[in-house]
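Me: I would like to learn how to read a few features of a structure, one at a time. Please give the general idea before each case.

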Amino acid sequence: MINAAATANVSIGQALLAGLIPGIIIGLIFMVYNYFYCKKHNIGDRTPFQGKRLGKAFVSAIPALLTPAILLGGVYTGFYTPTEGAAIAVVYTILVSVYVYKNLKWRDIPALSAKMPVPQERSSLWPSRQSLHHRSLSWTDFQAQWRI
């Protein structure tokens, strides 16, 4: 989304905010689908609803739920740019996973990084190609104007 916003000359913060409502709608659709799928295939825990369990789950999720607040709060206050905010969110998420939830070890991070997808040449070089094309058109216009 950051590449698309930069290419379209749109604020990255506005692009991220524009994706909020569609993201919530898609999340709700996945939840409804998951509910019916699990009900049909008899998957899941059948314990009755308890407010106490919900409260405990919410309290344990607070560190993870702070990630968007940290990202958007820093961007909208002007403390950092959206790109810097994304890097801060990644570092925060790693720290929470290692020290709060304890489901990630420091020695696992290099292996996880090796599994990350590598951007394709076309997508990563597209803005620079566009810039070079713009420069060549400008040079052509300059040549035509001065009849070089």
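This is a predicted model: local features need pLDDT of at least 70, side-chain atom pairs count only at pLDDT 80 or more; totals for chains, interfaces and linings use all residues.

Me: Which residue takes a positive phi just after α5?

Reply: That is K102, with a phi of about 55°. K102 is not a glycine. It is found in the loop between α5 and α6 (109-114). K102 counts as exposed because its relative accessibility is 58% and the cut-off for exposed is over 50%.

Me: And N9: where is it found, and is it buried or exposed?

Reply: N9 sits in the loop between α1 (2-7) and α2. Its phi is positive, about 55°, although N9 is not a glycine. With a relative accessible area of 72%, N9 is exposed.

Me: Now helices. Where does α4 bend?

Reply: A bend is read as the angle between the axes of the stretches on either side of a residue. Helix α4 covers residues 51-77 and bends by about 50° at I62. A proline, P63, follows within four residues.

Me: How many residues does α5 have, and what does it reach from its first C-alpha to its last?

Reply: The idea is to set the end-to-end distance beside the expected one. α5 has 19 residues and reaches 25 Å, close to the 27 Å expected at 1.5 Å a residue. Its buried residues are P82, G85, A89, Y92, V96, S97 and V98. What covers them includes α2 (12-18) and α4.

Me: Last, the surface. Which residues form the nonpolar patch?

Reply: A patch is read by listing its members, then asking where they come from. The members are L17, L20, I21, I24, I25, L28, I29, M31 and Y76, with about 900 Å² of accessible area together. Helix α3 (residues 20-40) gives the largest share, seven residues.

Me: In which helix does L17 lie, and what is its relative accessible area?

Reply: L17 lies in helix α2. Its relative accessible area is 44%, which means that L17 is partly exposed.

Conventions:
Residues are numbered from 1 along each chain as its sequence is written. Side-chain values use heavy atoms; hydrogens and water are left out. The bend at a residue is the angle between axes fitted to the seven residues ending there and the seven starting there. Helices (H or I, at least four residues) and strands (E, at least two) are DSSP runs, numbered from the N terminus. The expected span of a helix is 1.5 Å times one less than its number of residues. Buried means under 20% relative accessible area, exposed over 50%, partly exposed in between (1.4 Å probe, protein chains only). Contact means heavy atoms within 4.5 Å. Patches are made of residues with over 30% relative accessible area and no salt bridge: like charges are joined within 9 Å, nonpolar side chains (Val, Leu, Ile, Met, Phe, Trp, Tyr) within 5 Å. Accessible areas come from the Shrake-Rupley method with a 1.4 Å probe; for residues, only the protein chains shown count as cover. A salt bridge is a side-chain nitrogen of Lys or Arg within 4 Å of a carboxyl oxygen of Asp or Glu.
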